[in-house]
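Let's explore a protein model together, one question at a time. Keep the picture open as you read.

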Amino acid sequence: MKNIVVTGSDGQLGRTLKEFAQKAKNTLFDFKTSADLDITNEQLVSDLFKNQEYRYCINCAAYTNVEQAEKNPDAAYRVNSVGVKNLAYSCDAYGITLIHISTDYVFDGEKETPYSVEDEPNPINVYGKSKLKGEEYIRKTLPNHFIVRTSWLYSKKYGHNFYRTILRKALEGDDLRVTDDQKGCPTNTETLAKFILDEIIEGKKPYGTYHCTDGVPMTWYDFAQKILNENGLSDKANLVLDRNYRTFAKRPKNSVLS
Ligand SMILES: NC(=O)C1=CN([C@@H]2O[C@H](COP(=O)(O)OP(=O)(O)OC[C@H]3O[C@@H](n4cnc5c(N)ncnc54)[C@H](OP(=O)(O)O)[C@@H]3O)[C@@H](O)[C@H]2O)C=CC1
Ligand SMILES: Cc1cn([C@H]2C[C@H](O)[C@@H](COP(=O)(O)OP(=O)(O)O[C@H]3O[C@@H](C)C(=O)[C@@H](O)[C@H]3O)O2)c(=O)[nH]c1=O
């Protein structure tokens, strides 16, 4: 029997894992929302991990608001760096394997070709820097870890993401102004959940860093077009290419992961 705790379980990835967990055999899942377990509270994390017999911790908890992170870096670092450090520390103390999710935004986007796990990170925004720090704490303190970087994550059903924002705006009849100045691979949370459960946990991959995406590079504008097509809204919606779409945070021009 595998005992798995999932932190940040009310986010889009956490909720997808919860759905998949219903089909998993020989596995006991313990889903912890931010209200159940605040990963920034070292004592709470330690007390929980000490008293349970977890074999894995899948960390889906994160500060993911890229724009807000620029305005409130402390909040982003607290969750994405200090919170992750707390998890790594307690995982090490109680013999738990940490499966941690990271991001394409650890790269600066200056490379012309896809980024491999061997490429040197160099984040250009606060969110990316805070996530890289989290990765570094894990590598420093915990040998038994998996760091899985993904990109442009979306769920059609749960949470806040580009897919659901574009769909909502289109259905409300808003004009869609979307940039094409970045290239990345949109990734469905279902792909990532399967990778974690089937390939990492069941497939027994060696510890280390992995990239997991849906493997089809595109711009945000291409992605918006795809979302409209998929939902039969291409003719009705007004999608406009807007290279001046204003954002506070810098984002990597190319963050395609190989
Ligand atoms: N979204 C994306 O496009 C991408 C995400 N990733 C990474 O994938 C992982 C999953 O992301 P995703 O599911 O999209 O994220 P979401 O923003 O959907 O969910 C994050 C969850 O973390 C919780 N959380 C925040 N702070 C804490 C805390 N201190 N303690 C415990 N829980 C907390 C949130 O709870 P609450 O809402 O209550 O604050 C929320 O339920 C993250 O590591 C993210 O960095 C990587 C690449 C792309
Ligand atoms: C909603 C919207 C965004 N955009 C632009 C802004 C930005 O440059 C780009 C993406 O915007 P978003 O704010 O939706 O996505 P963003 O927050 O940049 O998404 C990122 O989230 C973090 C958590 C990650 O780890 C990354 O992999 C990535 O998915 O598209 C438009 O041009 N038009 C729009 O209507």
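**Helices and strands in a predicted model**

Q: At what angle do helix α1 (residues 12-21) and helix α7 (residues 189-202) pack?
A: Bear in mind that this model is predicted. Two packed helices are described by the angle and the distance between their axes. Here the axes of α1 and α7 lie 9 Å apart, and the packing angle is about 60°.

Q: Which word describes how α1 lies relative to α7: roughly parallel, roughly perpendicular or oblique?
A: Angles under 35 degrees count as roughly parallel, and 65 to 115 as roughly perpendicular.

Q: Is the crossing of α1 and α7 left-handed or right-handed, and how many residues of their contact are nonpolar?
A: The crossing is right-handed. From α1, the contact uses Gln12, Leu13, Thr16, Leu17 and Phe20, while α7 brings Thr189, Glu190, Leu192, Ala193 and Leu197. Sorted by type, these residues include one charged and three polar, and the number of nonpolar ones is six.

Q: Which helix is among the elements covering the buried residues of α1?
A: The buried residues of α1 are Gln12, Leu13, Gly14, Arg15, Thr16 and Leu17. Their cover includes the strands β1, β2 (27-32), β3, β4 and β6 (153-154). It also includes the helix α7.

Q: Which residue of β4 is the bridge partner of Asn59?
A: Let's follow strand β3 (residues 56-59), where Tyr56 and Ile58 on one side and Cys57 and Asn59 on the other are all buried. Four bridges join β3 to strand β1 (residues 2-7), running parallel, and Thr7 stands opposite Asn59. Another parallel pairing, also with four bridges, links β3 to strand β4 (residues 97-103). There, the partner of Asn59 is His100.

Q: How does helix α2 (residues 42-51) lie relative to helix α4 (residues 73-93): roughly parallel or oblique?
A: The axes of α2 and α4 come within 9 Å and cross at roughly 30°. The limit for this label is an angle under 35 degrees, so α2 lies, relative to α4, roughly parallel.

Note on methods:
Residues numbered from 1 in each chain as written. Chains lettered and ligands numbered in written order. Predicted model: local features only at pLDDT ≥ 70, side-chain atom pairs only at ≥ 80, totals over all residues. Axes fitted to C-alpha atoms, helices over the stretch in contact; angles between N-to-C directions. Helix = DSSP H or I, 4+ residues; strand = E, 2+ residues; numbered from the N terminus. Left-handed = near helix turned anticlockwise from the far one by under 90°. Contact = placed C-beta atoms within 7 Å. Nonpolar A, V, L, I, M, F, W, Y, C, P; charged D, E, K, R; others polar. Buried ≥ 20, exposed ≤ 12 C-beta atoms within 10 Å, placed from the backbone. Pairing = 2+ DSSP bridges. Parallel < 35°, antiparallel > 145°, perpendicular 65-115°, else oblique.
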